[in-house]
Amino acid sequence: MTAPLTAPRVLSLIPPMTQLNTPYPSTAYLTGFLRSRGVDARQDDLALRLVLELFSPAGLDALRDKLRAIPPKKRSATLAQFDAEFDRYRATIGPALAFLQGRDPTLAHRIAGRMLLPEGPRFASLDVYYDPEGGDPLAWAFGALGVQDKARHLATLYLNDLADVLREAADPRFEFVRYAESLAMAQPTFEPLARALAAPPTLVDDTLRRLTLESLARHQPQVVLLSVPFPGSVYAAFRIAQTIKAANPAIVTVLGGGFVNTELRELTEPRVFDHFDFITLDDGERPLLALLEHLAGQRGKSRLVRTYLREGDANSGVVRYINLAEPDIPFAEVGTPTWDGLPLDGYLSILDMLNPMHRLWSDGRWNKLTVAHGCYWKKCSFCDVSLDYIGRYDAVGAGLLVDRIEAVVAETGQTGFHFVDEAAPPKMLKAMAEELARRGRSISWWGNIRFEKSFTPELCRQLADSGCIAISGGLEVASDRLLKLMQKGVSVDQVARVTKGFSDAGILVHAYLMYGFPTQTVQDTVDALEYVRQLFDAGCIQSGFFHRFVCTVHSPVGQKPEDYGVRLKPLPPISFAKNDVGFIDPTGVDHDALGVALNKALYNYMHGIGLDQDVRSWFDMKVPRTRVPRNFIGRALGY
C-alpha cells in the first residue's frame, strides 16, 4: 500500500493544445482554490511552452532534420519553400514571436513592409483581395489598418506556414487548437488512442516529453492534475501522463476537465488507468479535496466523490465509479483564480481575422473569470442541460465578484477580462457595473449573454460605461419556429432590438449561429441567412459564426428525440467516450452543402462585403427565394 501523502504538492498542467493568446483558466481556478485551502499548489502551461519550443531556432533545426528525411520528389510546395528559405525562417522566428508577444512592438514597421518575413503558401490568402486602383489589398479590403495590426496579421500567416510544415514533415496531427482531436472525440473505444500512444514518438511527442520532465524537476510534485477541456488536448494529456509514470510511478496523476465531464461519463476501459490513477467528473473542487484527504490517509476510498479508479491491473482490473454524495463547494467559496506560475509575458497575440469582434478570441491576453456558475436559463434543447456545468446555477454578490476582479488586476497588472459564463445573468452584470462605478474601478470586459429583453438600451449604456467592449450570444437558427422548438426563449425581432441597443452603446456584438437543427428545411436556412444579412446591414451585429448542430446524449434532443421529429442512430458499444449521437431527420436536407454557403456569406458579411446581394447568390445549388421581407429588421427596430 502506498504511504499517505500528508502534505502533497499539487501541480496543475495545461496540456496542448488550447489557446495561444491567454492561459486556459482551469488551472488558474483550481490553483487559486487549492491555495485557499492551504494546499501547496503550482501550475504550468505546457501548451504554450510546446509552441515556443517547436517554433524556435533549435526547434526549426529539428524540423528541418525531419524534412531532410523526405525524398525531394515527395516534398510538397510548402516543404520545398521552407527548405529553400530555411536560413530566413531561422533568423526571423525569434523576432517574430517576440513581436507577437508584445515584447518588440517596433518590429511592426519591418514586418508590415513585407520584406522581413519569408512568405509561404498561407500568404496567398492575401491575393483574394484585389484593389482596383493597384494599392495595398489589405487596406482596400479592410480599411486603413494600423501598422501593428497589419504586422500581426502577416506574422500570424508566417506562423501558420510553419505549422503546415510541421504537420507535413513531423506530425500530421498537429494543430494550434485541435491537436489530434480525432483520437478522442466521440471515440467509443480507447483503441485509437492506445495505438497512438504505443507508436514511436514524433518530434512533437519528444519535445513534449522533455518539457514535461523539466516541469516535474522544477516543481517536484506528488500529485499532477491534467485538465482537458477539449478533444484536441486529450492525446497530449495522455502523453504527459505516460511520461510522468515512466519517470516516477509514485506521482499520482488525475484527469478532469470539460472533455471528461461530457464524454467519459460511462467509462469502463481499464487501460486508461495505466496513465491516470484517478479521473474526476464535473467541478473539480469537491472531488479534489476528497481525493487529497484520501491520499493523506484521512478518508477511505469508498468515500471519494465523483471519481473513477481502477481496481486491479490493466489485464484483470475493473473500473469503478465512486461517488459519496457531498455538496459542491459554493461558488462564493471557490476562491479567486491565480495566474501565478504561468508565463504571462509569453503568450502570443495572433490575428487570423481582422474583424474587430472576431479577433478578441485570439488577440490579447484576457483574465478569464466567471460571473456565475452554470446557466440561469438552462432550457435550450441543444444544450447539455442535464450536466452540472449547465444545470447547477450558483451566483455570488457583486461585491465579491469585484473583489475577485481587483485581486486579479493586482496580481497580473492587466485590466482586461473575458467572462466565460455560459450566459452571464443581466441582474449580475448590472450589479457589477454599479459596484465598479462605486469603487471607481476601470476595466475592459466582454462575455457571453442571452439576447433577452432585460438588456434595455439603458442597461447597455450602463454596461458600456462599466468597461464592456463586446458581447456574444446565441441567435442560433434565426427562425422563430425553430427558436420556439429549441426553447431558446427569444425571437428574431427581439434579438434585433437587443443587439442594436448594444451596438448603439459602442459594444461589439457576435452572434452564435446554427444550422442543421432537427426539421430545419432549405427554406428555413435561406430565411435565416436573410435575417443575418439584415442584422449585419442594420449594424446590429458585427461578427458571427455558423455551427453545424450536433446532437449530444446529454441534451433534450438526445434524450427525447421524438419531441423534435427525429430518430437517433444506434450507438456502438461504449467503453471510452460517449457524447455525439447521429440522428435521422425526415427532411433529408443536405446541411453540409448548405453550410459551405452560409460560412462563405458570413465571412464576407463580417468584412462588409456582399450585404446588398440576394442571399441565393451564395449557394452553389438552386434554393428558394427568401420569405423574409427585406425590411423585417428595420421594422423591428422601428425604422
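## Helix packing of H20 and H22

In this predicted model, helix H20 (residues 522-537) and helix H22 (residues 591-605) pack at an angle of about 5°, with their axes 11 Å apart. Angles under 35 degrees count as roughly parallel, and H20 and H22 are therefore roughly parallel to each other.

The contact between these two helices involves Val522, Thr525, Leu529, Val532, Arg533 and Phe536 on the H20 side, which meet Leu594, Leu598, Ala601, Leu602 and Tyr605 on the H22 side.

## The nonpolar cores

The largest nonpolar core has 116 residues, and of these Phe502 and Phe517 touch the most other members. Helix H20 gives the most to this core, with seven residues. Apart from this core lies another, of 86 residues, which has Leu50, Leu157, Leu162 and Val260 among its members. In soluble globular proteins, nonpolar side chains tend to be buried together.

Leaving aside residues up to four places away in sequence, Phe502 touches Ile449, Phe455, Cys460, Leu463, Ile471, Ile507 and Val509.

## Strand S13 and its neighbours

Strand S13 (residues 468-476) pairs in the parallel sense with strand S12 (residues 444-449) over five bridges, and Trp445 stands opposite Cys468 of S13. The pairing of S13 with strand S14 (residues 508-515) is also in the parallel sense and extends over six bridges. S12, helix H17 (residues 457-465) and S13 together make a right-handed β-α-β unit.

Eight of the nine residues of S13 are buried, so this strand is largely enclosed by the rest of the structure. Gly473, which lies in S13, is buried, with a relative accessible area of 0%. Not counting residues up to four places away in sequence, Gly473 touches Asn448, Ile449 and Phe451, together with His510, Ala511 and Tyr512. Between Gly473 and Gly544 the separation is 71 residues in sequence, while their C-alpha atoms are 9.4 Å apart in space. Glu476, also found in strand S13, counts as buried at 7% relative accessibility, and although Glu476 is not a glycine, its phi is positive, at about 55°.

## The seven-stranded sheet

Seven strands form an open sheet in the order S2-S1-S3-S4-S5-S6-S7, with mixed pairing. The edge strands are S2 (40-45) and S7 (318-322), each of which pairs on one side only. On average, and with direction ignored, neighbouring strands of this sheet are turned by 25° against each other.

S1 and S2 pair in the parallel sense over six bridges, and Gln43 in S2 is the bridge partner of Ser12. Helix H2 (residues 46-54) packs on the sheet and touches S1 and S2, its direction making about 35° with that of S2.

## Loops and backbone geometry

The peptide bond from Pro16 to Met17 is cis, with omega near -5°, and Met17 lies in the loop between strand S1 (9-14) and helix H1 (26-36). Arg114, placed in the loop between helix H6 (108-112) and helix H7 (137-142), has a phi near 60°, a positive value in a residue other than glycine. At 32% relative accessibility, Arg114 counts as partly exposed.

Leaving out residues up to four places away in sequence, Thr202 touches Ala170, Asp171 and Arg173.

How values were computed: Residues numbered from 1 in each chain as written. Predicted model: local features only at pLDDT ≥ 70, side-chain atom pairs only at ≥ 80, totals over all residues. Heavy atoms only, no water. Helix = DSSP H or I, 4+ residues; strand = E, 2+ residues; numbered from the N terminus. Buried < 20%, exposed > 50% of the residue type's maximum accessible area, 1.4 Å probe, protein only. Contact = heavy atoms within 4.5 Å. Core = buried A, V, L, I, M, F, W, Y, C linked by side-chain atoms within 4.5 Å. Pairing = 2+ DSSP bridges. Right-handed = clockwise from strand over helix to strand, strands pointing away. Axes fitted to C-alpha atoms, helices over the stretch in contact; angles between N-to-C directions. Parallel < 35°, antiparallel > 145°, perpendicular 65-115°, else oblique.
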